Amino acid sequence: RPRVLSGIQPTADSFHLGNYLGAVRQWVTLQETHDAFYCVVDLHAITVPTDPADLRRRSRVAAAQLFACGLDPSASTVFVQSHVREHTELAWILNCITGMGEAARMTQFKDKSAKYGESSASVGLFTYPILQAADILLYQANRVPVGADQKQHLELTRDLAQRFNHRLGDTFTLPEPYILKEVEKITDLQDPTAKMSKSSSSPAGILDVLEQPGPLRKKVMRAVTDTGSEVLFDEEGKPGVSNLLRIQSALTGTPIPELVERYVGAGYGTFKKDVAEVVVSTFEPIRERTEKLLADEAELDRLLAAGAAKARAVAQETMTQVRDRVGFLPGV
Ligand code: TYM
């Protein structure tokens, strides 16, 4: 079976619709056909100032949501990144074959560091994509299901793998991004040209998976729509309506042209009401299952420990070879 790996940051108290449609939903599908590894990337989360109690809570909430979204612990290896020490070890080695200029070209660093000022942003934020490359290469992943914003990091990952293989001998599998065009960039409900984002969207622009039905409905009804009153798919002219159509289509499985036909003459209000209902009915069971999983912390921690043990076995195998290739002496 081909192998798949992906990760999600525990940087908020809930995933949002962009995380769900752009990534996690594909993780669930891919576990059927792939040897699947999914991690909660807490090492990535601390690249920006993070309160320890928040991190602890959010890591558990993230893991619980992954199971609640449909990851099956007997089909997927779900684990917390910091539990597998090999991630940081490989990241260091990859740091040493990454050029400063190459790292400096990463646009996510430019966006995120702008918030803190480039000189007070952490070095960890700068080398963030290299740790991500380590996550992927450690598991020899063939495919990496992500949203469009991760494309550049995947290109870097492939470059580093090729460089290492070329200099020191074939070691790493070259990973392919797995990105579904229709959902690769879900946009902010209040600013439909920007991506829906934990760090930069306003609360009104984000639909959180764990949010109550009331606020979810309100946010969809207040989503920025465009001039005119026709429900049409036109990314340039009607980015707000197009985003809602993309969401409704992805959540119902109905092709966009069919939806457009359904709303001829209906107006934005009717359309938005339907979008709100499908969002609520998708999220409600996930929220309920997440709450149940969080109520038994010991069991959740046990699942994560089992995931870490499976992940570690694979990571250690890769690292034994990597250490030898680099020229480190065998340990005792
Ligand atoms: P993170 O935690 O920001 O987001 C998790 C996943 O959600 C996708 N995503 C979106 N997709 C569509 N529309 C959106 N508005 C949207 N917002 C977020 C992201 O593309 C991502 O797939 N660097 C990664 C985490 C990571 C990782 C890895 C991913 C660490 N190591 C190894 C893959 C493989 C990140 O920040 O994701």
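Where is the place of Asp-135? Asp-135 sits in helix 7, residues 123-138 (helices are DSSP runs of H or I, at least four residues, and strands are E runs of at least two, all numbered from the N terminus).

**About the model.** This is a predicted model, with local features needing pLDDT of at least 70, side-chain atom pairs counting only at pLDDT 80 or more, and totals for chains, interfaces and linings using all residues. Residues are numbered from 1 along each chain as its sequence is written, and side-chain values use heavy atoms, with hydrogens and water left out.

**View 1. Asp-135 and its contacts.** UniProt, in an unreviewed entry, lists Asp-135 under "binding site"; positions follow the numbering used here, feature names are shortened, and annotations may be inferred rather than shown by experiment. Asp-135 counts as buried because its relative accessible area is 4% (buried is under 20%, exposed over 50%, partly exposed in between, with a 1.4 Å probe and protein chains only). Leaving aside residues up to four places away in sequence, Asp-135 touches Leu-5, Val-41, His-44, Gln-81 and His-87 (contact means heavy atoms within 4.5 Å).

View 2. You'll find Phe-328 in the segment after helix 13 (297-326). With a relative accessible area of 41%, Phe-328 is partly exposed.

**View 3. The protein as a whole, with 13 helices and 5 strands.** Its C-alpha atoms fill a box of roughly 75 × 45 × 40 Å, taken along the principal axes. Of the 332 residues, 51% count as buried.
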